[in-house]
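Biologist: I'm new to this one, so please take me through the terms slowly. Show me the thing to begin with.

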Amino acid sequence: MPVTVLLVDDEPLVRAGLRALLEAQPDIEVAGEAADGAAVVPLVRRLRPDVVAMDVRMPLLDGIEATRALLRTVSDPPRILVVTTFENDEYVYEALRAGADGFLLKRARPAEIVHAVRLIAEGESLLFPASVRRLAAEYGDGGGNRAARAELERARLTDREGEVLRLMARGLSNAEIAARLVVGTETVKSHVSAVLAKLGARDRTQAVITAYESGFVTPG
């Protein structure tokens, strides 16, 4: 089955470019388009896309609030890929904190855009981990977020789960973590699932944000 994508951007030219690029791929299908975040929830309920590729800055409802609304009101929500003009942008970090699964620069090369959509759909790796580290370093409270620290303390991760979380923060996939720890991929999947469940995280990105904001992992 192809990965289905909903495109959300107030610039028609951006939507047209993304549609042309993605629909040229045999394993990706554009399910629909919207010009503002206010249309996301009803469209997701109707189209059930796997991924929402959404501009972070829009006039009526921006990508941050649209992400919050989507995760709050839609059961089994799709993956959310924030599309942005500026990499080092507090809006992007707030979108990630709100629950977005990753972000993509509008100036990215076509191959990077396609890879980002596929990776977000698979959900086994952190997208652009170095960029997430930079955002966490600038906007993540320097490890002093009390809520994140309390969340991590409540989680009571085992030593191995903590090790897996640190490797997740570096952007390693399950297969790469398995090779690093010399264990099976299924074992890593179990550890990742346990980390997400204990942290109450929707995905790897949210778990890594908690790790940075609590000071468990230093974004250096």
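Modeller: Let's start with a term. A salt bridge is a side-chain nitrogen of Lys or Arg within 4 Å of a carboxyl oxygen of Asp or Glu. Side chains of opposite charge can pair when their charged atoms come close. Bear in mind that this is a predicted model, where local features need pLDDT of at least 70 and side-chain atom pairs count only at pLDDT 80 or more, while totals for chains, interfaces and linings use all residues. Residues are numbered from 1 along each chain as its sequence is written, and side-chain values use heavy atoms, with hydrogens and water left out.

Biologist: How many salt bridges does that rule give?

Modeller: The count is 18 salt bridges. A network of them links Arg15, Arg19, Glu23 and Glu33.

Biologist: What makes Asp9 and Lys106 a salt bridge?

Modeller: Their N to O distance is 3.2 Å, and the cut-off is within 4 Å, so the pair qualifies. Asp9 sits in the loop between β1 (3-8) and α1 (12-23), and Lys106 in the loop between β5 (102-105) and α5 (110-122), so this bridge links distant parts of the chain, 97 residues apart. Those labels come from DSSP runs: helices are H or I of at least four residues, strands are E of at least two, and both are numbered from the N terminus.

Biologist: Are those two partners buried or exposed, and how do you know?

Modeller: Buried means under 20% relative accessible area, exposed means over 50%, and partly exposed is in between (1.4 Å probe, protein chains only). Asp9 has 2%, so Asp9 is buried. Lys106 has 24%, so Lys106 counts as partly exposed.

Biologist: Now the rings. How many aromatic pairs are there?

Modeller: Two aromatic pairs are found. Rings of Phe, Tyr and Trp (its six-membered ring) pair if their centres lie within 6.5 Å; planes under 30 degrees apart are stacked, over 60 edge-to-face, and the rest tilted.

Biologist: Why is the pair of Tyr93 and Tyr139 called what it is?

Modeller: The centres are 6.3 Å apart and the planes are at 35 degrees, so the pair is tilted. Tyr93 is in helix α4 (residues 90-98) and Tyr139 in helix α6 (residues 129-139), so the pair ties together parts 46 residues apart in sequence. Tyr93 is buried at 0%, and Tyr139 is buried at 18%.

Biologist: And what is the arrangement of Phe103 and Phe128?

Modeller: Here the rings are 6.3 Å centre to centre with 65 degrees between the planes, so the over-60 rule makes the pair edge-to-face. Phe103 is in strand β5 and Phe128 in the loop between α5 and α6, 25 residues apart. Phe103 is buried at 1%, while Phe128 is partly exposed at 28%. Phe128 also has a positive phi of about 50 degrees although it is not a glycine.

Biologist: What makes you say a charge sits over the ring of Tyr91?

Modeller: The rule asks for NZ of Lys or CZ of Arg within 6 Å of the ring centre and within 35 degrees of the ring normal. The charged end of Arg57 is 3.9 Å from the centre of the Tyr91 ring and counts as sitting over it. Arg166 does likewise over the ring of Phe216, at 4.1 Å.

Biologist: Last one: what is in the largest nonpolar core?

Modeller: A nonpolar core is a set of buried Ala, Val, Leu, Ile, Met, Phe, Trp, Tyr and Cys residues joined through side-chain atoms within 4.5 Å. The largest has 54 residues, and those with the most contacts inside it include Val8, Met54 and Ile177. Apart from that core lies another, of 22 residues, among them Val5 and Leu7.
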